[in-house]
Amino acid sequence: DEITDAFIDFSKNTQNLLVLNIDDPHAGELLIRTTDDKSVITYSLSPSLTDYRVKSYHETNEGMSFEVEHRGRSLGEFKMQLKGKHNLYNALATIIVASELQVELKQIKRGLLSFKGVKRRQEKIGEINGASVILDYAHHPIEIETIIDEHKRKKGKCYVVFQPHTYTRTKYFWSGFIKSLLKADSLVLYPIYSAREKAIAGITSKRMAEDLRKMKKVCYYSNSLIDIKTYLSYFVASDDVVLVLGAGDIEEFRGVLVDKNNHYS
């Protein structure tokens with residue numbers, strides 16, 4: 001409720017135009033409470049009575065290709081180097097804002113295609129046995145579930161290396177993490193990134209791994225990134241994908257991945 005109120009307060013500061021994702025379950029409340037003196041443009045990824053929508057989309061080797069409609073009129077095909085529904089939403093919102101600012105359509109398409117994304121958001125950092133290793137900042141159960149679901153639609157197995165972020169968040173979202181991580185085919189857990197916090201008794205990645213194993217999920221725990229690389233190198237096949245998830249120092253796995261001298265014989 002507080003998060004919704006914060007977005008409502010933020011949107012009330014908008015002087016002229018509110019661009020609203022109508023697929024969001026909280027958008028209706030925003031629509032009712034913030035539209036007194038401003039225009040509203042709505043958008044969606046599904047067939048609906050919105051101003052803009054993505055009519056169709058598909059993944060390519062390079063990213064995604066999709067068609068956009070504005071009030072029933074096609075704006076043509078757009079391409080980008082990113083994948084995932086969340087990036088489709090972001091791209092559509094960007095297209096709307098740029099269009100409202102009178103940017104030419106061909107310039108919007110060119111700019112979108114040239115955008116390579118940001119670090120730690122579905123960033124490919126290398127390969128293991130020919131399988132892509134993807135680094136992502138996801139550290140909330142819904143984020144984790146979304147990215148796993150996206151990659152499980154593809155061939156091969158989905159391996160997840162996860163580092164929980166802070167002890168309080170891990171304690172609060174414990175059941176949510178269990179639920180989302182169960183979607184992976186195989187798991188590796190790395191110690192909690194403490195950030196500014198002191199440890200909480202019983203709240204550890206090792207215990208989370210034990211809970212997951214009780215649910216018959218293949219789950220390995222290690223406090224060594226080199227060991228994790230060795231473990232994955234033994235099992236991962238070329239059709240698989242490895243997702244390295246978390247907002248802490250799990251990012252250091254990119255250095256381990258490219259170092260040819262840190263594996264065991």
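Colleague: Is E251 buried, partly exposed or exposed?

Modeller: Keep in mind that this is a predicted model. The side chain of E251 meets that of R254 in a salt bridge, 3.3 Å from N to O. Buried would need under 20% relative accessible area and exposed over 50%. E251 has 25%, so the class is partly exposed.

Colleague: OK, on to E69 and R53, whose side chains meet in a salt bridge. How many residues apart are they?

Modeller: The N to O distance for E69 and R53 is 3.3 Å. E69 counts as buried because its relative accessibility is 12%, and R53 is buried too, at 17%. E69 is in strand β4 and R53 in strand β3, so to speak distant parts of the chain, and the separation is 16 residues.

Colleague: Which residue in the turn between β4 and β5 has a positive phi?

Modeller: Strands β4 (residues 64–70) and β5 (residues 73–80) run antiparallel, joined by six bridges, and E67 stands opposite E77. The two strands form a hairpin with two residues between them. The positive phi, about 50°, belongs to R71.

Colleague: Last one: are α5 and α7 roughly parallel or roughly antiparallel?

Modeller: The axes of α5 (residues 141–152) and α7 (residues 174–181) come within 9 Å and cross at roughly 0°. Residues making the contact include I144 and I148 of α5 and F177 and L181 of α7. Angles under 35 degrees count as roughly parallel, therefore the answer for α5 and α7 is roughly parallel.

Technical notes: Residues are numbered from 1 along each chain as its sequence is written. This is a predicted model: local features need pLDDT of at least 70, side-chain atom pairs count only at pLDDT 80 or more; totals for chains, interfaces and linings use all residues. Side-chain values use heavy atoms; hydrogens and water are left out. Two strands pair if DSSP finds at least two bridges between them. Helices (H or I, at least four residues) and strands (E, at least two) are DSSP runs, numbered from the N terminus. Axes are lines fitted to C-alpha atoms, for helices over the stretch in contact, and angles run from 0 to 180 degrees between N-to-C directions. Angles under 35 degrees count as roughly parallel, over 145 as roughly antiparallel, 65 to 115 as roughly perpendicular and the rest as oblique. Contact means heavy atoms within 4.5 Å. A salt bridge is a side-chain nitrogen of Lys or Arg within 4 Å of a carboxyl oxygen of Asp or Glu. Buried means under 20% relative accessible area, exposed over 50%, partly exposed in between (1.4 Å probe, protein chains only).
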